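The following exercises ask you to read local geometry and ligand surroundings from a model. Work through each task before turning to its solution.

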Amino acid sequence: MTDRRNVDAGWQKLGTSLTHAGRAAAPEGGTYVNLPVERGSTVLFPSLQSMNRKGLERYDHTSIYGAMGSPTQHELEKLIAQIEGGTDCQIVSSGLAACTTPLLAFLKAGDHCLLVDSIYGPTRRFAENMLRRFGVDISYFPPCASRAEVEEYVQPNTRIIFTESPGSHTFEVQDIPMLADVAHSHGARLFLDNTWGFGIFAPFEHGVDVSIQALTKYPAGHSDVIAGAITVADQASWHILRDAPSSLASLPDRTTAG
Ligand SMILES: Cc1ncc(COP(=O)(O)O)c(C=O)c1O
């Protein structure tokens, strides 16, 4: 685990703050070591006003309706955001959903999306089979491209540069600050599939806007969970992202984070 300090936790090392994270204190003062799994769909509120008020808090990791996340899942989101070093995290039904959901949230017909050629295969399939059908232009840059070479692939309508480092199967390591700079200087966002770098590579310290995790892999660890996480760097991105998973129904099972 990285040696990064966590400013919010009073300059604790990240490894220290993680031993306490994901564990909301029980009102009576005591708490279980592991947060109990809460299952549910409809949430009851004491009044119509409080229900309406709660509905306005959908960006706040709070319980509004089961399909918008359970208390256990909200704690997991805070934990992943802390490890990745972002502001907010959304957990979704799989690592692949963590790749596809933000693409749908941030792109529209007429946009161009530039992906690294070594991207995870099913992400590439989604770009080819779905995004193209919805009018998004797709192209790929070589994983060893220099800045000048990447610039050649950028178009006036490029809105996302999507990379993965190291890349699936071929493992080229990307120059993330360079890619972030290219993206930002052309009005685009940098997406990183950071599955291989979980807890080691701090994406937001290097200019990444959206970081993706297949929680299925290292974070779950036992080959018994399928889940994904999307973490963002700022509130503007969070507001764009947050509504997409519930519209697309790409949310995880109620028991995820158990
Ligand atoms: C780099 C990377 N991203 C995304 C995924 C997708 O994760 P999942 O299998 O949970 O859909 C994988 C799975 O192998 C992966 O290796």
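**Exercise 1.** How many Å separate a polar side-chain atom of Asp-193 from a nitrogen atom of the ligand?

Solution. The model is a predicted one, and in it a polar side-chain atom of Asp-193 lies 2.7 Å from a nitrogen atom of the ligand. As a next step, turn to the oxygen atoms of the ligand: one is 2.8 Å from a backbone N or O atom of Gly-95, and an oxygen atom of the ligand is 3.1 Å from an N or O atom in the side chain of Lys-217. Taken alone, the ligand exposes 400 Å², of which the protein buries 86%.

**Exercise 2.** Describe the shell around the ligand by residue class.

Solution. Begin by listing the residues around the ligand, which include Ser-94, Leu-96, Tyr-120, Glu-164 and Trp-196. Sorting the shell by class then gives four nonpolar, five polar and three charged residues.

**Exercise 3.** Where is Pro-166 found, and what kind of peptide bond joins Ser-165 and Pro-166?

Solution. Pro-166 is found in the loop between strand 6 (158–164) and helix 7 (176–185). The peptide bond that joins Ser-165 and Pro-166 is cis, with omega at about -10 degrees.

**Exercise 4.** Is His-61 buried or exposed, and is Ser-223 buried or exposed?

Solution. His-61, in the loop between helix 2 (48–55) and helix 3 (71–84), has a positive phi of about 55 degrees although it is not a glycine. Its relative accessibility is 13%, and because buried means under 20%, His-61 counts as buried. Ser-223, in the loop between strand 8 (210–214) and strand 9 (228–232), likewise has a positive phi, near 60 degrees. Ser-223 has 74% relative accessibility and therefore counts as exposed.

Conventions
Residues numbered from 1 in each chain as written. Predicted model: local features only at pLDDT ≥ 70, side-chain atom pairs only at ≥ 80, totals over all residues. Heavy atoms only, no water. Near = heavy atom within 4 Å. Polar contact = N/O pair within 3.5 Å; in protein donor to acceptor, adjacent residues only side chain to side chain. Areas by Shrake-Rupley, 256 points an atom, 1.4 Å probe, with all protein chains shown as cover. Nonpolar A, V, L, I, M, F, W, Y, C, P; charged D, E, K, R; others polar. Helix = DSSP H or I, 4+ residues; strand = E, 2+ residues; numbered from the N terminus. Buried < 20%, exposed > 50% of the residue type's maximum accessible area, 1.4 Å probe, protein only.
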